[in-house]
Structure formats: structure tokens, C-alpha cells
Amino acid sequence: MTKFINTGQKLGQTSQFESGSGYLRSKTSIQPTVGDLVTGRVSRIRLSSAQIEILCIGDLPLKESFSGIIRKQDVRSKNIDRVVMSERYQPGDIVRAEVISLGESRGYSFYLTSAKSDLGVIHAKSKSGFKMKANSEEEMVCEKTNNIEKRKVAILD
């Protein structure tokens, strides 16, 4: 959640903050919380999940990345039993997701979901290595070769 301040409002000790481009950032580690929208890179695909390296909370880039996971049942809200993870995400894809809970096992810090229309892949490269653009909620098309690849695409306004 973004907090706004007024000019002249006391924030705290200068030793606790560092200046950025139009903002102050706490020098202590910032972590995602349940309900946060995050942006991350797919680092690994398994049969039942995609491992995500969380890089941003909202529009705020993180100093250190966090590990997250999108489980098969959290990819979309319908036809969950038909989800094939390798048809929804590929390593290197940039995804927008929502934090739904803290992870409990295997070193994953956060469980994520992409089950809303504005969540999913926001940037991807094709198997040929070229930039892709959204073709539908479930497909992206290579801008160079016009080949179509399946993805769980975030539909942004």
C-alpha cells in the first residue's frame, strides 16, 4: 500500500532513509506482504509450479530479490485441472502477480497468484529470442516471426 506524506511532515531520522528519484526509501529491508502486487522473473518451471524471483513491489525496485512460487492451482481461476505450467510460463518471462501468503516449505518466501485478468506475463521473448506481444489472455505472438506461444498473459488497460 502506498503512503503519501505532506511537505514538511516528519518522516524519521535521516540515518533510517536514503533518497531516491522522487521518494525516500527505508534503509531496512522492504518485504512483500499479503495483497501486494509484485513483478518478478520466472527462474524455473516444474510440473506443478513456477519459481519466481521477485524484483519489485508495485513500482518500487527491491535492493534484494525474494523467492516466490506460483502453484498450478494459482495460475487461473477456471479449468485449474487443465493447466500445463510450461504452456503458461517460461524461464525469463516477466510476470505480474499478487502475494497470497507466506511460503512454508522448500525455501519459497511467498506464494503468488496470477488468477486475475491483470496478472500474468507482461514481457516475454519467443523461443527464437525475439520480443513477444499479447495476442489474447492465453497467447503471445512473436513480433519478428509471428509464431504464437501459449502464456498466461496479464491484460493491462
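Q: Helices (H or I, at least four residues) and strands (E, at least two) are DSSP runs, numbered from the N terminus. How many helices and strands does the secondary structure of the chain come to?

A: Zero helices and eleven strands. Along the sequence, the pattern reads β-β-β-β-β-β-β-β-β-β-β.

Q: What kind of model is this?

A: This is a predicted model: local features need pLDDT of at least 70, side-chain atom pairs count only at pLDDT 80 or more, and totals for chains, interfaces and linings use all residues. Residues are numbered from 1 along each chain as its sequence is written, and side-chain values use heavy atoms, with hydrogens and water left out.

Q: What about contacts between residues 24 or more positions apart?

A: Contact means heavy atoms within 4.5 Å. Among contacts with a separation of 6 or more, residues 24 or more positions apart account for 48%.

Q: On to strands. How many bridges join β3 to β4?

A: Seven, between β3 (residues 37–45) and β4 (residues 49–57), and the two run antiparallel. Two strands pair if DSSP finds at least two bridges between them. A hairpin of three residues links β3 to β4. Ile45 stands opposite Ala50 in β4.

Q: What about β4 and β5?

A: Also antiparallel, with eight bridges. They form a hairpin with two residues between them. Gly58 sits in that turn, with a positive phi of about 60°. Ile54 faces Phe66 in β5 across the pairing.

Q: Where is Ile57, and is it buried or exposed?

A: Ile57 lies in β4. The residue counts as buried because its relative accessibility is 13%. Leaving aside neighbours within four places in sequence, Ile57 touches Ile30, Gln31, Pro32, Asp36, Leu37, Val38 and Leu62. Val38 is 19 residues away in sequence, yet 4.5 Å away C-alpha to C-alpha.

Q: Asp36 is on that list. Where is the place of Asp36?

A: In the loop between β2 (24–26) and β3. Asp36 is buried, at 12% relative accessibility. Its side chain reaches the backbone nitrogen of Thr33 at 2.8 Å. A polar contact is a pair of N or O atoms within 3.5 Å; within protein, one must be able to donate a hydrogen and the other to accept it, and residues adjacent in sequence count only if both atoms are side-chain atoms.

Q: Which backbone nitrogen lies 2.9 Å from the side chain of Asp93?

A: That of Gln90. Asp93 lies in the loop between β5 (60–71) and β6 (94–102). Asp93 is buried, at 1% relative accessible area. Beyond its neighbours within four places in sequence, Asp93 is in contact with Gly40, Arg41, Val42, Val121, His123, Ala124 and Arg151.

Q: Switching to rings. How many aromatic pairs does a search of the whole structure find?

A: One. Phe66 and Phe110 have ring centres 5.9 Å apart and planes at 85°, so the pair is edge-to-face. The pair links distant parts of the chain: Phe66 in β5 and Phe110 in β7 (residues 110–113), 44 residues apart. Both residues are buried. Cut-offs: rings of Phe, Tyr and Trp (its six-membered ring) pair if their centres lie within 6.5 Å; planes under 30 degrees apart count as stacked, over 60 as edge-to-face and the rest as tilted.

Q: What is the order of the open sheet of three strands?

A: β9-β10-β11, with antiparallel pairing. The edge strands are β9 (132–136) and β11 (148–150), each pairing on one side only. Three bridges join β10 (residues 139–142) to β11. Met140 stands opposite Glu149 in β11.

Q: What is phi of Asn146 near?

A: 65°, a positive value in a residue other than glycine. Most residues other than glycine have a negative phi. Asn146 is in the loop between β10 and β11. Asn146 counts as exposed, at 56% relative accessibility.

Definitions and conventions. Buried < 20%, exposed > 50% of the residue type's maximum accessible area, 1.4 Å probe, protein only.
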